[in-house]
Amino acid sequence: MENNWIPHSKYPLFYFLCLFLLHQNDLVNSRDIVAVLAKEKHKTLKLLEDTLNENAQLQGWTGGVKVIKLNEVNPITALEKVCSVMTNGAVLLIDMADPLTGQLLRSFTRSTGLPYITLLDRATLIEKDFDPDLHLEIEPPGSVMMGVLRDVIIHESLTKIAVLYDNSFDLDKIPKRYLTGLPAQHLFQEIVSGTQNATLKQLYRLEENQIRNFFIVANKENVKKILETDMSISCQGCKDNGRGTVILITGRPNNDVMENEYIPFIRGLSKYISTFTAEGSNIDEAFMFDLMNLIKTQLLEQNVEKSVRLNESECYSVIGPEPDVYNQSKAFVESFVNTSRDGVFGPLYFTNNVLKQRLTLSIKRLTFTSTESVHLTIGNWTEEKGLGLYEPSLLKPPGKKKYKIVVVPSYPPFVIPKGNKSFDGYCMDLLHEIQSILKFDYELYPSPDGLVGSMDDKGHWNGIVKELMEKRADIAIGPISVMAERENVIDFTVPYYDLVGLTILLKRPEFEYELFKFLVVLDEDVWLCIIASYFLFSGLLYVFDKLSPYSYQNNKHKFENVTPEPRVFTIKEGIWFCMMSLTPQGGGEAPRALSGRLIAATWWLFGFIVIATYTANLAAFLTVSRLDEPIKSLDDLSSQQKVKYAPHNGSAAMVYFQRMAEIEQKFYSIWKNMSLDDTLDPVERAKLAVWDYPVSNKYTKLWETMKRSGFPNSLGEALTSVKNGTFAYIGDAAENQYQTIKSMENCDLWQVGEEFSRKPFALAVQNGSPLRNDLSTAILQLLNQRTLEKLKKKWWDKNKVKCPKLENESEGISLNNIGGVFILIAGGAALALVCLGFELYFFKYKPKQASKNYGVAKSHSKANLDNDARATKQNGVDKTWSDDRLESSSIERRNGSVTNSELLLKRQTPGVSFSLGDSL
């Protein structure tokens with residue numbers, strides 16, 4: 001519903017000048033007052049014309065009043081008319097002419113010494129006009145009253161307003177400067193005369209320009225016509241919106257002056273206004289009544305008798321003012337400094353070299369519905385104190401207002417549909433918090449097409465933006481990105497959420513994990529051949545060492561004092577040698593025979609080649625797996641052809657890519673036109689004639705690919721395509737992030753890339769709506785109370801699932817692929833532990849078992865026998881015992897007893913033997 005502002009009874013300043021004139025039968029022609037009116041001052045003043053025909057005069061003043069009505073802006077003609085009425089003499093000039101004519105007239109009066117009064121805004125005056133001796137500046141009430149417009153705009157934080165005026169409004173003289181510097185677009189527009197249909201079309205044009213608040217500055221007939229037209233429009237929505245509002249701004253009169261002086265004077269002037277009442281008065285007419293009475297009083301008190309007489313031939317040859325006339329004029333102007341008068345709408349007083357009226361304007365609210373209307377005084381205004389309201393706002397009538405709110409139907413966690421036009425989520429909690437602050441009722445309904453809103457090539461909008469533009473909704477709530485295009489047609493509140501950009505939603509890449517990845521580097525057949533070669537060469541080392549007459553085990557006497565002691569290559573030693581030869585530790589002592597060494601060298605060469613081949617293949621295998629990186633950015637997405645990509649149809653992301661592509665095309669056209677411009681200097685053209693286009697066409701390619709891929713019409717459709725692994729969805733980062741954490745089913749989704757095209761989320765209202773400031777104030781209050789932070793934590797942590805961590809092979813080898821090495825270590829350690837157990841068993845428990853079975857003492861273990869042998873050696877029998885020649889004779893058990901048992905120690909030295917059977 002539009003809010004109409006009506007500074008009531010706004011007439012031109014000199015409308016009432018001649019209402020103070022009486023018949024001048026006894027006129028003294030040498031003491032006339034000359035008044036000059038511009039065209040807009042008199043072209044609709046029927047009452048003034050009727051009064052002029054009576055040739056009236058000021059009551060008590062013997063001089064006449066000559067009114068010159070100008071029908072065109074022609075300073076020379078105006079000056080000649082002034083000179084023609086000064087043939088009998090003039091004592092004062094009242095200037096209400098247009099700015100160009102006024103400058104010539106004021107210069108003329110200064111030359112003659114005639115005092116002059118200006119009822120103009122001082123913005124139309126020049127420095128020379130402010131002559132302290134001859135000039136009396138009077139501030140028109142219209143200039144004062146424009147201050148209330150400024151204060152109302154500031155108080156209500158209006159962003160777009162219009163001033164509708166009729167031909168009684170002095171557009172040139174009323175200062176537009178009162179509205180300059182305000183953060184609001186304002187339009188001055190004359191009311192279309194004619195039928196009501198013409199006025200209706202004018203109001204509809206204002207609606208199309210998103211102007212819903214306007215001031216009407218006009219006479220009563222035009223005000224009534226505008227209100228009737230506006231109410232017929234607005235009350236079509238009264239059934240839905242409940243009420244409409246009009247603000248009436250009128251002057252507060254001095255009842256004594258009104259009843260005792262002003263009304264009797266008006267009724268006695270003409271038969272047309274014999275029924276005049278206080279309701280029919282206006283501020284301008286009453287001000288002229290007060291002013292002319294004040295002028296009459298000062299003329300009589302100062303005894304102004306000397307006048308300026310000029311013939312028409314002397315108009316352009318004025319020599320200078322006569323001293324007597326100049327002094328008389330100076331005294332007359334100075335007499336206003338300390339004067340005052342109780343006026344009809346406030347006292348007239350002199351301050352800061354200006355005569356003005358202290359107006360008190362009464363502010364009333366007219367609340368109307370389809371069946372009734374109610375008047376209520378809600379405050380007043382004075383120039384000194386500004387607005388004094390009894391209520392917080394002019395626009396808010398008592399009681400709760402009900403708003404229609406359109407909501408984005410599904411955008412978790414901000415808006416979560418629950419069915420039956422009910423919703424949940426972050427934005428719904430925010431709406432409830434705002435409602436508790438602003439005290440209003442609302443009705444929710446989803447966006448008809450489910451979109452936020454975008455503009456097509458023809459300039460048509462859809463989504464919630466269209467709902468606001470067509471006045472079907474008062475407020476739009478949801479994750480609405482603030483965009484310059486949208487700000488042209490709707491208004492946004494302050495942001496309620498952080499900057500949110502665009503990101504890419506992909507299917508989580510599937511990496512192939514193998515615990516023993518280091519084994520798959522070589523083929524199974526190769527591993528089998530390597531293992532076979534290993535055991536083959538282990539056996540060959542044993543065979544060659546056993547058979548070669550030059551091996552250590554066949555020639556031990558040749559290596560008696562050699563350190564370290566040479567190695568006997570048994571099967572066990574061959575296996576160990578081949579294994580250790582493949583490690584940096586080395587295989588240890590090599591065979592002594594040449595044939596054995598050739599076998600060992602062959603194995604070394606084989607092992608070197610195998611290890612080198614394995615290492616190279618492992619490095620290449622890991623490098624290839626790490627080079628296969630997943631998509632991480634918009635550039636990665638544009639550089640591949642396998643995965644298609646696109647944003648949601650009609651979304652802000654779609655608009656972003658479309659606009660970026662259009663900008664690139666425009667840049668290309670500009671560069672092309674510059675390069676082919678024949679009007680440029682050849683040197684300049686040569687500088688521009690580069691073969692490579694200097695600006696990237698990245699977004700043009702992206703946009704063309706998106707159009708070929710097709711735009712998903714819903715989020716569900718986009719997610720289905722993403723999970724198939726052949727599509728990448730580009731959307732708001734908040735939307736993509738929520739999809740990855742809301743359920744385990746979506747753990748296969750992956751949000752990648754840094755955010756770009758970041759924009760804040762805000763609520764939206766109709767263009768020029770006063771709700772914007774109320775909602776913004778409430779949001780800032782919630783921000784200061786940290787309520788928004790709590791809502792954010794609540795809805796992002798609610799039902800959050802923890803998906804398995806994605807290990808990226810491009811950042812390094814994961815444990816899933818290299819864990820087999822640690823299993824190998826564990827297996828080797830376990831095998832060594834088993835071997836240690838067997839060793840302990842054979843060392844400690846096996847001899848004890850043998851002693852039980854055969855009566856052999858534990859002390860006579862193999863180790864103790866070595867000690868006995870060494871003891872015998874010390875007695876001079878022998879110095880070397882060969883453990884290898886320790887043999888046991890057969891032990892016969894007969895009837896459970898040992899009949900014959902002996903251990904023989906035989907030394908390799910021929911002819912020497914010892915029998916230790918008795919000692920055992």
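The structure is a predicted model, in which local features need pLDDT of at least 70 and side-chain atom pairs count only at pLDDT 80 or more, whereas totals for chains, interfaces and linings use all residues. Residues are numbered from 1 along each chain as its sequence is written, and side-chain values use heavy atoms, with hydrogens and water left out.

The mean pLDDT (the predictor's confidence in each residue, from 0 to 100) of the protein chain is 78, and 79% of its residues reach 70 or more. Over residues 233–242 the pLDDT is below 50, and this stretch has 15 contacts (heavy atoms within 4.5 Å) in the model beyond near neighbours in sequence. The pLDDT is also below 50 over residues 865–920, for which 51 contacts beyond near neighbours in sequence are found. Where pLDDT is low, the predicted coordinates should not be read in detail.

The protein chain contains 27 helices and 33 strands, assigned as DSSP runs numbered from the N terminus (helices being H or I with at least four residues, strands being E with at least two). Of its 920 residues, 46% count as buried, a class defined by under 20% relative accessible area, with exposed meaning over 50% and partly exposed in between (1.4 Å probe, protein chains only). Among contacts between residues at least 6 apart in sequence, 73% join residues at least 24 apart.

An open sheet of eight strands with mixed pairing has the order S5-S3-S6-S7-S8-S15-S14-S13, where two strands are taken to pair if DSSP finds at least two bridges between them. Its edge strands, each pairing on one side only, are S5 (65–69) and S13 (340–341). S13 runs antiparallel to S14 (residues 348–351), to which two bridges join it, and Arg341 stands opposite Leu348 in S14.

Strand S25 (residues 497–507) is largely enclosed by the rest of the structure, because eight of its eleven residues are buried. S25 pairs in the antiparallel sense with S28 (residues 749–766) over eight bridges, Val500 having Lys759 in S28 as its bridge partner. S25 also pairs in the antiparallel sense with S27 (residues 727–732), over four bridges, and here Leu502 stands opposite Asp732 in S27.

In strand S26 (residues 644–647) lies Ala646, which counts as buried at 0% relative accessibility. Leaving aside neighbours within four places in sequence, Ala646 is in contact with Met706, Gly710, Phe711, Pro712, Phe727, Ala728, Tyr729 and Ile730. The C-alpha atoms of Ala646 and Thr705 are separated by 8.2 Å, although these residues are 59 apart along the chain.

Beyond neighbours within four places in sequence, Ile434 is in contact with Phe440, Leu763, Leu775, Ala778, Ile779 and Leu782.

Phe332 and Phe336 form an edge-to-face pair, at 5.2 Å centre to centre and 85° between the planes; Phe332 counts as buried at 3% relative accessibility, and Phe336 at 0%. The pair of Tyr656 and Phe756 is tilted, because the ring centres are 5.8 Å apart and the planes stand at 45°. This pair links distant parts of the chain, with Tyr656 in helix H19 (residues 652–675) and Phe756 in strand S28, 100 residues apart. Tyr656 is buried at 15% relative accessibility, and Phe756 is buried with a relative accessible area of 16%. Tyr411, Phe414, Tyr426, Tyr496, Tyr497 and Phe761 form one aromatic cluster.

Note on methods. Phe/Tyr/Trp six-rings, centres within 6.5 Å; stacked < 30°, edge-to-face > 60°.
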